[in-house]
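Open your viewer and get your selection tool ready. We will go from stop to stop, with a note on what to select and what you will find there.

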Amino acid sequence: GGGLHPLVEAYTVGEDYRLDGEVLLPYDLKASGAHASMLQKIGVLTAEELQTLKTALTEIEELWKKGEFKVTPSQEDGHTAIEQYITEKYGDVGKKIHTGRSRNDQSMTMIRLYSLEQLREVKALALKLASAAEARLPKLNDVAMPGYTHMQRAMPTSVGTWLGSFAQGWKDAAKVLDGAISVLDQNPLGSAAGFGINGLALDRAETAKLMGFATVQSNPMYCGLSRGMFENVALQAMSLPMVLSSRFATDMMMFTQQETLFVALPDNFVTGSSIMPQKKNYDLFEIMRANGKVFGSLQMQIQETIVGLGSGYHRDLQCTKKAFIEACQLATSTLGLLKEVIPALQVREEKLKAAMTEDLYVTDEVYRLVAKGKAFREAYGEAKEAFFKRKARQEAEDSKKPRL
């Protein structure tokens, strides 16, 4: 009788009001505008009422851009904040905007629009990364460098082959992201609480067109079932460029060590030390490597939240929103930074040339012997024995030299 216990309210609202107010509100406004236009088309709203709603939605968006439209904890989410603003300023027309929808499909549509925008941005960044890397290749294809397996020197390769491998990976990532876009590009608005609306002929194709969706997500129960699941699909697709970026970061940490110095970046990409004045630290790659794991944990957080849920809406799904937004922001910031790194990469050819030592070419010697007719195993043993004999002689000679 006395209203909801404040601890219950705070616990169940969580950070929903903040996430809607800071990130998702523009997508809610877009969906509300499309919904209002459709309601006017089917006769629920008059032309005058539609114009009033459009004016109100535009006002809210302008206020939001200036940081003057806030969603409060008591409102719980952006949906309530929008409706309250319209009703308080424009009266009864604000009470009509929710006709034919539920907070379920309203929230789902908002997140779907955000998801598609993020997927398209990550795809564009992956392709820009690939292009930036490929632009460097003509001058790097003939620059020899050691190839590594097990973090140990293995066989000769080139800087172009190394950088080109990531370029091809980012291009393939764009294809995977395209697949996720095609899955998510469905309009859930009009599914209401997951069962559609009886007695009101909603034009879901109209709202799909107005919001730019490729098609209508026709089964209303599948709309509800896809919440959380589609966010998981989006992050699974984004994980490919994030994994590539994390692995690129590890290579960069290895190749920028003082012991190698194969590559470097300008000073505005590196940090210093609070105690060691000579230090140049490539912190960005350490953070990038860690963020590859953080991203994976956010994706798994969503997957673990939805595993075992039945069909229909469950409040558990609210808990996927924060992880999803954080993961999207992590992906765009990581790829956006790498887009600046690739053109700035400095290749130290003199260090690479000095690193191309005899051990890298032992496998080549095996196949020279094979080409002369020897069986592979015989050639392998002969080349191995010859290499280690040469190495032992060299070490013995070096040990006799006077030490400075």
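**First stop: a helix and its covered face**

Select Val370, which counts as partly exposed at 27% relative accessibility (buried is under 20% relative accessible area, exposed over 50%, partly exposed in between, with a 1.4 Å probe and protein chains only). You are looking at a predicted model, in which local features need pLDDT of at least 70 and side-chain atom pairs count only at pLDDT 80 or more, while totals for chains, interfaces and linings use all residues. Residues are numbered from 1 along each chain as its sequence is written, and side-chain values use heavy atoms, with hydrogens and water left out.

Val370 sits in helix H13 (helices are DSSP runs of H or I with at least four residues, numbered from the N terminus). Leaving aside neighbours within four places in sequence, Val370 is in contact with Phe376 and Ala379 (contact means heavy atoms within 4.5 Å).

Now colour all of H13, residues 362–371, where Val362, Val366 and Leu369 are buried. Looking down the axis of H13, the buried residues fall within an arc of 65°, so they line one face of the helix (the arc is that of the directions from the helix axis to the C-beta atoms). Show helix H14 (376–400) too, as it is part of what covers those buried residues. After H13 comes Gly373, with a positive phi near 110°.

**Second stop: two partners of H11**

Next, select helix H5 (residues 103–140) and helix H11 (residues 320–344), whose axes come within 9 Å and cross at roughly 20° (axes are lines fitted to C-alpha atoms, for helices over the stretch in contact, and angles run from 0 to 180 degrees between N-to-C directions). That makes H5 roughly parallel to H11, a term for angles under 35 degrees.

Keep H11 and bring in helix H2 (residues 16–41): these two pack at an angle of about 35°, with axes 10 Å apart. On the H2 side, the contact includes Asp16, Arg18 and Leu19, and on the H11 side Lys321, Lys322, Ile325 and Gln329.

**Last stop: inside H2**

Finally, pick Ser32 in helix H2. Is Ser32 buried or exposed? Ser32 has a relative accessible area of 0%, so it is buried. Not counting residues up to four places away in sequence, Ser32 touches Leu57, Ile97, Arg101 and Gln106.

Key
Parallel < 35°, antiparallel > 145°, perpendicular 65-115°, else oblique.
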